[in-house]
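Good morning, colleagues. I would ask you to look at the model on the screen while I speak about its packing.

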Amino acid sequence: MLKATSVLLDERRIFKPNYELVEEAHIKNWEAELEKGKDLEKYWAEKSEQFEWFKPWDKVLDESNKPFYKWFVNGKINLAYNAVDRWISTDKRNQVAILYVNERGEEKKLTYFELYREVNKMANALKNLGIKKGETVSMYLPMCPQLLISMLACNKIGAMHSVVYSGLSVGAFIERMNDANAKVVITADGTFRRGKIINLKNIVDEAVLQCPTIETIVVVNHTGSDIEVSELSGREIFYDRLIEGESDECEAEEMDAEDPLFILYTSGSTGKPKGVLHTTAGYMVGVATTLKHVFDIHDGDLWWCTADIGWITGHSYVIYAPLLLGTTTLVYEGAPDFPDPGAWWNIVEKYGVTKFYTAPTAIRHLMRFGEKYPQIYNLSSLKVLGSVGEPINPEAWMWFYKNIGKEKIPIMDTWWQTETGMHMISPLPVSNLKPGSATMPLPGIEADVVDKNGKSVDLGKGGYLVIKNPWPAMFRTLYKDKERFVKAYWSEFPGLYQSGDMARKDEDGYIWIQGRSDDVLKIAGHRVGTSEVESALVGHPAVVEAAVIGKEDPIKGQVIKAFVILKEGYDMDSSLIGELSKQVRHELGPVAVIGDIEAVEKLPKTRSGKIMRRILRAQEKGEELGDTSTLEE
């Protein structure tokens, strides 16, 4: 069982709400809202009324085939229609929907009406490429307007999208595209990062050689660099030429509430990435409601979530929830410390960002540069801050609160997952805050901390974090793998959703997330599967076998510590270490940061041949090995 750090266990500070914010908040009384949430169906039925339905639903929740829940049964709706189309007949028509900014200081603004026309052109273009309702379009794009437009275009015509984070490399990309059976992939010439252009198209060119379902490659000329005609040019078309001449009107497909919306892959602890499948109506209701409540979104807000759209945070809270609420979302392409560590704070001042949502790993990184850079800029436009991706340690929380929030702006420390689709545990602006705690389950959510028998543990004791009731934005299955869906999430504690995280609950009912119960690594806010890293290492001719664990890192949270068994004739010198690190980077991308590689004679295994990574972790930390009864030797 993972343990919380002592600083987390000893944290006693409490910060009261900013009462100026409470006065204008959508939810002014936390207890009253929690009480409303106890009537699950009535609560979410009311939240569904914020949207325009083509046909009203017959039933809020169908629990007849648990855990394959259905929400808003028989309702007909379209996400793109509700995120874009419905605003063009209101005074939001000429409001900026997407504000794109990059590290070079360039910007592009799209109003809701301009976005409407661009989405319709791309939707028509996709139909002309033969994309039909229910088929999949894969995307490997930087943070650029064309990514959001393409996702919404898929929604418009009823196609699923499967976005692959553009930091992942060839091996990971091939696996995801082939599993999704994508017919079209949309990519770009490159992306801007720390003053350099990273070529994305070369990766796609290499990957599609092993992706037989891909029929067309759409290329966005994003960086303006020359694109060489590759051997695959017969299947390629430039984005601008694709949409040229297309009508800027496109009727929205009537989608059943339970029709698939997108597939997003998340690393599993046992190898093959999991294709998390989200459906239409419940996801819409969940993400829009939680963004509105947790960050208290109002007309006039400028919302900035720094996540990459390739992850669930980007799906839910960069594109979909903000547009469903009719707000302006800022999309940033670049690093947080380029051209200097004040880059983000310069953007906050320049554009007047009001609500800001980022990851603890970014905060820890910017802490290295001290208090100088936040003090240079006027951050007075900010009203609410947020944290996502991993538990935020109290030291980083306090730095964020003091230097960015000026000791008056609350921090919404949100816990949720790719699988949950929406915020599950989080404070609201009316909540008392404890640095390092995600606070309490949101209204309509019932969470608990249980022991291995599924029984609630005593306050202060660690256990498994579970969700006890269904919620609308919950994923419906793992793509093409219902058996794994049931086994991985619903079997260990029958009737309860097993999150895979460890947590404890304090005397006030506040939940403190302690870490993963499995072997998934968390690097700079990204989940990386141990088996994927090990497979990449073994792919090098020098390596016979490998095991990896997470090694604590003050900036990234964790980096990878690898233990490898070398083939005869190889020595672990600096040259080989460099090759192995490059191998992992090539297969999984720069998120897979190798911190240390050690050559070993043997790896600790069970008698059935499973590597016991907890033994490696214990040895690395100098801790007791615990139960070794199943150890081979």
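**Cores and helix packing**

What we have here is a predicted model. Its largest nonpolar core comprises 155 residues, and those with the most contacts inside it are Leu115, Met122, Leu152, Tyr317, Leu330 and Trp345. As background, nonpolar side chains tend to be buried together in soluble globular proteins.

Let me take Trp345 from that list. Setting aside its neighbours within four places in sequence, Trp345 is in contact with Phe356, Leu366, Tyr373, Pro374, Tyr377, Leu379 and Ile404. There is also a second, separate core, of 44 residues, which includes Tyr140, Val170, Ile174 and Leu566.

I turn now to a pair of helices. How do α11 and α12 cross? The axes of α11, residues 280-294, and α12, residues 312-324, come within 9 Å and cross at roughly 90°. As angles of 65 to 115 degrees count as roughly perpendicular, the two helices are therefore roughly perpendicular to each other. On the α11 side, the contact is made by Tyr283, Met284, Val287, Ala288, Thr290 and Leu291. On the α12 side, His315, Ser316, Tyr317, Tyr320, Ala321, Pro322 and Leu324 take part. By class, the residues of this contact are 10 nonpolar, three polar and no charged. Tyr317, then, belongs to this contact and is also among the core residues with the most contacts.

Finally, consider helix α3, residues 30-37, where the buried residues are Trp30, Glu33 and Gly37. Viewed down the axis of α3, they fall within an arc of 65°, so they line one face of the helix. The cover over these buried residues includes α4, residues 40-48, and α11.

Key:
Residues numbered from 1 in each chain as written. Predicted model: local features only at pLDDT ≥ 70, side-chain atom pairs only at ≥ 80, totals over all residues. Heavy atoms only, no water. Axes fitted to C-alpha atoms, helices over the stretch in contact; angles between N-to-C directions. Helix = DSSP H or I, 4+ residues; strand = E, 2+ residues; numbered from the N terminus. Parallel < 35°, antiparallel > 145°, perpendicular 65-115°, else oblique. Contact = heavy atoms within 4.5 Å. Nonpolar A, V, L, I, M, F, W, Y, C, P; charged D, E, K, R; others polar. Core = buried A, V, L, I, M, F, W, Y, C linked by side-chain atoms within 4.5 Å. Buried < 20%, exposed > 50% of the residue type's maximum accessible area, 1.4 Å probe, protein only. Arc of directions from axis to C-beta.
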